[in-house]
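I opened the model today to look up a few residues, the pockets and the domains. My notes follow in the order I took them.

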Amino acid sequence: MDVTKGPKRARGERAGLSRQRVLDAALALVDRDGLAALSMRRLGADLGVEAMTLYHYVPNKDALLDGLVERVFEQAAPLTADGARWRPALERYAGSLRRTLLSHPAVLPLAMSRPAVTPQTLGAVESGLRMLRDAGFPLGRALDVLNALTVFVIGHAAVEAATARVNEQGAPGSTAYLAQLDADRFPLLVEAGRGGHGADDAARFDHAVRALLAGFDGGA
């Protein structure tokens, strides 16, 4: 027996795999080819391993999808702050999460349909609840704040992603379309379209987030 050799490593270890690398590769695949293209076989091919090797890191397809949501949410600003500064912390989180979701639009259907279930995403929720409890919120109201804000961010990002091509092509609903309406019948819509009013998604989002959080400010 050659004692100079270390213990034999599994095939996934020889390939340098880890759960994080598997999830990052899955996210890259979905960004590139869409959610429908994701399968264990396709992901294994991208990583240079057999599909069965991946089950050491993600036990099933549901765990892989939950992991995709986890990786996207991990890229957002953390839900932590001094108790007295919970609103700026949540504003940063909301803006960061919106930008992250828009950079991974294929993951939006998962974000809308899959709750936080991995230890990492649950840990982020726990941190947010602790921040709000430290600021004086009852636990139930703290949950309301996080749920309302996160649902709003996901919904806003989903609509932005879905209508981006509409605005680029000047299709019905775009500012260019509004500008060409009958000015006698729809004078305010025409004025909005010609002036580009209401077309700044980021500005509208930021204003809405501040308004939403202001509505909870008295709950602490």
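The model is predicted, so I kept to its limits: local features need pLDDT of at least 70, side-chain atom pairs count only at pLDDT 80 or more, and totals for chains, interfaces and linings use all residues. Residues are numbered from 1 along each chain as its sequence is written, and side-chain values use heavy atoms, with hydrogens and water left out.

**Entry 1: Val190**

I looked up Val190 and found it in helix H11. Helices here are DSSP runs (H or I, at least four residues; strands would be E, at least two), numbered from the N terminus. What does Val190 touch, not counting residues up to four places away in sequence? I noted Leu178, Ala179, Leu181, Asp182 and Ala183. Val190 counts as buried because its relative accessibility is 2%. I also took the C-alpha to C-alpha distance from Val190 to Ala176, which is 9.2 Å for 14 residues of sequence.

Gly170 sits in the loop between H9 and H10. It counts as partly exposed because its relative accessibility is 31%. Leaving out residues up to four places away in sequence, I found Gly170 touching Ala176 and Tyr177. Gly170 and Gly136 are 34 residues apart along the chain, and their C-alpha atoms are separated by 48 Å.

Gly155 is in helix H9. Buried or partly exposed? Gly155 is partly exposed, at 30% relative accessibility.

I placed Val22 in helix H2, residues 19-33. Its relative accessible area is 0%, so Val22 is buried. Setting aside neighbours within four places in sequence, Val22 is in contact with Leu43, Leu47, Leu54, Tyr57 and Val58. Phe216 is 194 residues from Val22 in sequence and 39 Å from it in space, C-alpha to C-alpha.

Thr100 belongs to helix H6, residues 86-103. I read a relative accessible area of 6% for Thr100, so this residue is buried. With neighbours within four places left aside, Thr100 is in contact with Val72, Gln75 and Ala76.

**Entry 2: the pockets**

I used the grid search on a 1 Å grid over the protein atoms alone: a pocket is an open set of points with protein on both sides within 12 Å along at least five of seven lines, a cavity is a set of points where a 1.4 Å probe fits but cannot get out, and lining residues have an atom within 4 Å of a point. Grid points are joined across faces, edges and corners, and volume is the space filled by probe spheres set on the points.

The largest pocket holds about 660 Å³. Its lining has 27 residues, and those nearest its centre are Phe73, Tyr93, Ala116, Val125 and Thr150. Helix H5 (61-74), helix H7 (108-113), helix H8 (119-134) and helix H9 (139-169) are the elements that give two or more residues to this lining. H9 has the largest share, seven residues. I sorted the lining by class (Ala, Val, Leu, Ile, Met, Phe, Trp, Tyr, Cys and Pro as nonpolar; Asp, Glu, Lys and Arg as charged; the others, Gly among them, as polar). The largest pocket gave 17 nonpolar, seven polar and three charged residues.

The second largest pocket has a volume of about 280 Å³. I noted 17 lining residues, with Asn167, Gly198, Ala199, Asp201 and Arg204 nearest its centre. Which element gives the largest share of this lining? H9 does, with six residues. By class, the second largest pocket is lined by five nonpolar, nine polar and three charged residues.

**Entry 3: the domains**

The chain is divided into domain 1 (14-59) and domain 2 (79-215), with bounds from an automatic or database domain assignment. Their contact takes six residues from domain 1 and seven residues from domain 2. I read 30 Å between the domain centres, taken over C-alpha atoms.

Note on methods: Buried means under 20% relative accessible area, exposed over 50%, partly exposed in between (1.4 Å probe, protein chains only). Contact means heavy atoms within 4.5 Å.
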